[in-house]
Amino acid sequence: LYVLAALDGKPVPEAPPLPPIESELRRDLAEMLRREFPTPASSKASAAHWARTIAALVGTVACWAGWVQGSALACLLLPFVHWVLIAHTVHEATHGNLHTDPRINFWAQFTSHPICFNVFVWIPQHLLSHHQYTNDYEHDVDCHHFAPALISDAMPRMASAESSFNEGWTFVWKGFLTTLGTSILQPLRTLREKPTPNYDVNVTPVPAAVSKRTLWLSVLPSLLVLLYPLLVWLPQAPLLGLWLLVWPWVGMSLIFTTMTQVSHVQQSCQPTQAQSGCWTARQIHASLDYSLGAATPMPEQQLVTALAAGLNAQSLHHAMPTLSCAHFPRMYAEYRQICERHGVTIRHSENVGTAVREMLEYVFENNRPVGGA
């Protein structure tokens, strides 16, 4: 894997291991990329992107320092400020979009630690499973993180047919604790060689190149964030200790769940038998964009894109995953025109609020008890 090149010293492959996928849509998109980005460096993060990254890094360090010192305000701000840093680094770096130097991309991924997700668990899930088989429950592990809640039309029901409980509520409560799973529970399952709950196997393994020692070291900061408030602050200030313990995880979980799920967990993004034979068109159909409509002012597009890690332009990202989100607002209008020319309909919501509402409506409808209760 490109993002693991720093682990074993192997060179980054010059060409993808699979043959190219040919279609008129892909050819037009590729032509746009060649015209707009004549060099590899020109498609990476812009100077403005790096400036925001540095500012977010300074703010994140300040919030963590305040958290260590027992500041309730720093703790309140921590998930939001740290997310802005993550939005500018981790996802970009995982796809090799932050910089042309793979070492920078490799280490920048670890800004997701300690309270968002473990990089070594994230890589195979995101690159090998999700991006190749988006919303295909048989191959996209993202469809299974909220089990027994169903977030795909085709998923077989896990709940008892006699149950009157809507598993949409399972999706909701797990959304408050998502990053505890991605940062601690998922890597610990690999370390302890245990299966994922509701399954017979571990559905979130790590790459074979990652030793158990390396994985343990990567989990330690997350464990420290759990233990520090319990040992230092809870005995002397119980309410403050509880706040320092709970809020970083809950705050980051709510942000992470919202940002990552609204763009795929939608009725309009479910696979159908009538889908195009073009892989890129299917990726676009499986994604929802928001705050990028023709009537949306450019400053708003730029702000939302920066705060959402470019996930508000999810269809563009899935169609062209090697392009930095720093360029999404500028490229989106032409991208939309190319899709229209080839009869590919972009799924779109007005803003993140409407996207969240539509997601929850779909989740609760898809998990409605069989008896209709």
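At 17% relative accessibility, tryptophan 247 counts as buried, where buried means under 20% relative accessible area, exposed over 50% and partly exposed in between (1.4 Å probe, protein chains only). The model is predicted, so local features need pLDDT of at least 70 and side-chain atom pairs count only at pLDDT 80 or more, while totals for chains, interfaces and linings use all residues. Residues are numbered from 1 along each chain as its sequence is written, and side-chain values use heavy atoms, with hydrogens and water left out.

The structure holds 13 aromatic pairs; rings of Phe, Tyr and Trp (its six-membered ring) pair if their centres lie within 6.5 Å, and planes under 30 degrees apart count as stacked, over 60 as edge-to-face and the rest as tilted. The rings of phenylalanine 80 and tryptophan 247 are tilted, because their centres are 6.3 Å apart and their planes stand at 45°. Phenylalanine 80 is partly exposed, at 44% relative accessibility. An edge-to-face pair is formed by phenylalanine 106 and phenylalanine 110, with 5.4 Å from centre to centre and 65° between the planes. Ring pairs also link Phe106, Trp107, Phe110 and Phe120 into a cluster.

Most residues other than glycine have a negative phi, and most peptide bonds are trans. The table lists backbone exceptions.

| Site | Feature | Value |
|---|---|---|
| Histidine 113 and proline 114 | cis peptide bond | omega about 5° |
| Alanine 147 and proline 148 | cis peptide bond | omega about 10° |
| Glutamate 193 | positive phi | about 55° |
| Serine 291 | positive phi | about 55° |

Glutamate 193 is exposed, at 61% relative accessibility, whereas serine 291 is buried, at 3%.
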